[in-house]
Each structure stands twice: as structure tokens, then as C-alpha cells.
Amino acid sequence: NLTGRLSTIMKTLRGEARLTESNISDAMREVRMALLEADVALPVVKTFIAQVKERAMGQEVIGSLSPGQAVIGVVHQELTRLMGEANVDLNFASQPPAIVLMAGLQGAGKTTTVGKLAKYVREQHKKKVLVVSCDVYRPAAIEQLRLLAEQVGVEWFPSSDQDEPVAIARAALEHARRHLFDVLLVDTAGRLAIDEAMMQEIKALHAALNPIETLFVVDAMQGQDAVNTARAFSEALPLTGVVLTKLDGDARGGAALSVRQITGKPIKFVGVAEKVGGLEPFHPERMASRVLGMGDVLSLIEEAQKSVDQEEAKKMMAKVKSGKGFDLEDFKMQIVQMRKMGGISGLMDKLPAQLTGQLGGQLPAGADEKAINRIEGIINSMTRQERSKPELIKASRKRRIAAGAGVSVQEVNRLLNQFETTQKMMKQFSKGGIGKLMRGMKG
Ligand code: GDP
Ligand code: MG
């Protein structure tokens, strides 16, 4: 079982300070098993392991983490990265109506998802939505969509199983144009297995509609088979995104990784219930944890990282308390720390609210590795004296520092302002807020 296997990794690796070729291999063997158990397709697992191995090599083990934990940490990070972007919304940037075409096997959840998306688009985007069913094969498929439309309060374009799917689509588009709908959601038929007729039909629908979104709907329970389905659909159609349904079931969600790898398209939403409210934006990190199925270890790693933060924070506080002040060297340390913690969002979780409020204002939520690198680069271009006495940094020094870091003088100014704000905060905390700050650190 998994827990047993994990403790094996820990035992094998405990006490080793660095990740070596062989201990990575050991840990990777265990990760491989975990991914296969989660139903990630074998070729995808192989590619992933190769990539992650390369990344893990040469990484040092920070703080109180054991090498085994560090490996899992890297795996989790990489898995999160491979899952793709978080929260990619629907694209409506077309001449209205923005057309969304659903594709996928029968039973994948297309019709249900049209209902969910209709609700979402109407409520969140305040758009006027029309839905239409081009499923003339499955008994009652059209009626199913009519009921959903009624339930979520959007308009339904009448179609009949006596009509041609492409003719239905054209008529619905015409209707949507004439009545100024913002969005047209087009439900389609699916078969139990991929077949040529179905592929031709969905291609014809795509050609007739030229949709801005072509969403591949796939059942998370499909496991290994998801790979073949995803490949067939992504070869037939220029997909723009994926909806992974039935994540409320037992499926560990390995299909997410497979489908993402095969299509290269963002997973935009996940289905988490049968009801029309059961649609959520995709969270790569959560999905990575689920696929890895190592909840215990992951929270352990998180704890260890928190304690690294706390140690750093204690050191910093001691400095402030001793009256030595908080200088740019400390600021840089914060930033390096931030990077170790997986970027700004990672750090934000671990800092007290007062501080994150401030930093949040300074560093935009999307501020990433690149921004952190630039800040670090600027501080690296300063002399030791400048770092401890930033007030020395006047115009000519600013120019020199900017040139050294390959940035503009404005950027140097911005950094100095950020630093000043942080320094002020530190002073406030040192006046009597240390207890509060440390309590915040734990929370
Ligand atoms: P379609 O053939 O692709 O149109 O699939 P349907 O939308 O008809 O869905 C097939 C079945 O899966 C129905 O019973 C739905 O209620 C169910 N379903 C769809 N999405 C979800 C989901 O996210 N969670 C759960 N639990 N059931 C779902
Ligand atoms: Mg259907």
C-alpha cells in the first residue's frame, strides 16, 4: 500500500543531504507506482518520470526536509506545473455569439456540462446564453437539454431528432445572431467508442460553426482509456480546452495528467457533482495532490517548509529586536526564501496577514519567478554598503545598479520603495508586534 511504500522511501533516503542519481531513482520507482495506481497512462508516466528526474538532480535539500520529502516535493511541483494553468476561463473574444462546441464520448457528461456552463456563463459573466442540442441519436437527449436550460434559466433552441445535426447548428446560430445572444453552447452526440461517423459529424459541426471554444469533455473515471479518446479528438478537432467530469467519484484523476499531456490544452473546468452547480474551475495543485495520492507526505512537507519559514522569521525578528535593523540583505533573503517556497503564492500562505496584505500590494498576485529573479538581480548589483545603507543609493548609483542588473532605473526605484514599505512594517512589528507576528507565522 501507499503509506507503506512511502515510509520505505523515507527510510531509504533519510539522513542523506543531497539528491543523488540513485536515491532519485528509488523514489521515482515509488512515484511511478503511485501514478500508475492513479490511472495515469504508462507512456505519460514514463515521460513525466524522465522530466522530473532531470529537474530533481542537483537540487539541494532545504531546511529540515529529508531527501525523500524533497523528491516528493519536486514531483508535486512538477506535476502541478504539468497540469497547466489554473483557472483558465472560457474565451468569448469573438464576434457575438461566442460559440462553444462540446465534444466527447457518450456518457462523458457533455449535456450536463452544457447545463452547468450555461448557468456559470449567465451568472458569472452576465451573458445572454442560448443552448442547442445536436444529439439526434440518443433517445431523449434533446429533452434532457431542454430541462437543464429551463432549470438554469437560459434559452433553449428547439431541435428534433428528425433533423440533420449540421442543419440544427446552422439554424441555432442564425437564431442566436438575430436575437443578439452573447453565447451559444452547442451540445453534440457521442458514441460509446470512437468511430469514424462520429468524428466526421463533429468535424462537420466544427466547420459549420467555427466555434471560439471547442471543449473536450472527458470522464475522470475513464482512466487509461482517456488517452486514446483524447488523442482521437485532438487529432480530429482543434480543441481549445478540456472539462474533466465526475471528479466527485473515486477516480484519483490520473486522466487529468494524461489528457493534459496528449492535448496540450488547458483543463478549464472540473465536474464535481451531477447537479448544475457542480462545476468548478480547475486547480492544478489540488489535482496534483489528488493524483499523487500522498496527502500525508505532502502536508508533512508543507509543515517542514513552514518551519523553515519560522526559523528564518525568528532570525529576522531577532535582528529587528537587536536594533540592527532590517536591510536590503534581509530583504533579499526574504525573496530567496520566497522562491524556495514555490513563489509568492506559496509564501503568502505562510506569512501573517498584515505582512501579506502589504507585500500583496507590492507584488502582484501573478508576480512569478521572473519578477523574483529581477528583484534578486537588482539587489545583487548593489555593494554590501549599499545594501545595509540604502539611503546611500542616489541617482548615479541607481544608474549603475540598473545597468548592472539589466533593468531600468524606474525598476530600481520601485524595488527601493518596496523595501522601504517592508522596513517600515518591520519597525512597527519590532515596537511590540513580535508576539503577534510570530503567532501569525504559526497560523
Ligand atoms: P453525455 O452523453 O456526454 O451528454 O453525458 P451526460 O451529460 O448525459 O452525463 C452522463 C451521466 O453522467 C449523467 O447521469 C450525468 O448526471 C452524469 N454526470 C455528468 N457529469 C457529472 C459529474 O461531474 N459528476 C457526477 N457525479 N455525475 C456526472
Ligand atoms: Mg448528451
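Me: How many helices and how many strands are there in the chain?

Reply: The chain, which is seen here as a predicted model, has 20 helices and eight strands. Of its 443 residues, 42% count as buried, and among contacts between residues at least 6 apart in sequence, 77% join residues at least 24 apart.

Me: What makes helix 2 and helix 3 roughly antiparallel to each other?

Reply: The axes of helix 2 (residues 21-37) and helix 3 (residues 42-56) cross at roughly 150 degrees and come within 10 Å. Angles over 145 degrees count as roughly antiparallel, and the two helices are therefore given that description. Helix 2 passes helix 3 in a right-handed crossing. On the side of helix 2 the contact is made by Ile24, Met28, Val31, Arg32, Leu35 and Leu36, and on the side of helix 3 by Leu42, Val45, Phe48, Ile49, Lys53 and Ala56. Sorted by class, these residues of the contact are 10 nonpolar, no polar and two charged.

Me: Why is helix 5 called roughly parallel to helix 6?

Reply: Helix 5 (residues 110-124) and helix 6 (residues 141-152) have axes that cross at roughly 25 degrees and come within 9 Å. Because angles under 35 degrees count as roughly parallel, helix 5 is roughly parallel to helix 6. The crossing of this pair, helix 5 and helix 6, is right-handed. Helix 5 brings Thr111, Val114, Gly115, Ala118, Lys119 and Arg122 to the contact, while helix 6 brings Ala141, Gln144, Leu145, Leu148, Ala149, Gln151 and Val152. The classes represented in the contact of helix 5 with helix 6 are seven nonpolar, four polar and two charged residues.

Me: Which residues are the closest to ligand 1, and how many surround it?

Reply: Ligand 1 is surrounded by 17 residues, of which the closest are Gly109, Lys110, Thr111, Thr112 and Gly271. Helix 5 gives the most to this shell, with three residues. By class, the shell around ligand 1 divides into three nonpolar, 10 polar and four charged residues.

Me: How do you know that helix 7 and helix 8 are roughly parallel to each other?

Reply: Helix 7 (residues 165-178) packs on helix 8 (residues 196-209) at an angle of about 25 degrees, and their axes are 9 Å apart. The cut-off for roughly parallel is an angle under 35 degrees, and helix 7 and helix 8 are therefore placed in that class. Helix 7 passes helix 8 in a right-handed crossing. Here Pro165, Val166, Ala169, Arg170 and Leu173 in helix 7 meet Glu201, Ala204, Leu205, Ala208 and Leu209 in helix 8. The residues of this contact divide into eight nonpolar, no polar and two charged.

Me: Why is Leu180 called exposed?

Reply: Leu180, whose place is in the loop between helix 7 and strand 4 (183-187), has 9 C-beta neighbours inside 10 Å. A residue is exposed if 12 or fewer other C-beta atoms lie within that distance, so Leu180 counts as exposed. Its phi is near 55 degrees, a positive value in a residue other than glycine.

Me: What makes Lys246 count as buried?

Reply: Lys246 has 24 C-beta neighbours inside 10 Å. The cut-off for buried is 20 or more, and Lys246 therefore counts as buried. Lys246 lies in the loop between strand 6 (241-245) and helix 10 (254-263), and has a positive phi of about 60 degrees although it is not a glycine.

Me: Why is Ala403 described as partly exposed?

Reply: Ala403, in helix 18 (residues 395-405), has 13 other C-beta atoms within 10 Å. From C-alpha to C-alpha, Ala403 is 8.7 Å from Ser381 in space, although the two are 22 residues apart in sequence.

Me: What makes the peptide bond from Pro96 to Pro97 cis?

Reply: The omega of this bond, from Pro96 to Pro97, is near 0 degrees, and the bond is cis. Pro97 lies in the loop between helix 4 (67-83) and strand 1 (98-103).

Methods. Residues numbered from 1 in each chain as written. Chains lettered and ligands numbered in written order. Predicted model: local features only at pLDDT ≥ 70, side-chain atom pairs only at ≥ 80, totals over all residues. Axes fitted to C-alpha atoms, helices over the stretch in contact; angles between N-to-C directions. Helix = DSSP H or I, 4+ residues; strand = E, 2+ residues; numbered from the N terminus. Parallel < 35°, antiparallel > 145°, perpendicular 65-115°, else oblique. Left-handed = near helix turned anticlockwise from the far one by under 90°. Contact = placed C-beta atoms within 7 Å. Nonpolar A, V, L, I, M, F, W, Y, C, P; charged D, E, K, R; others polar. Near = placed C-beta within 6 Å.
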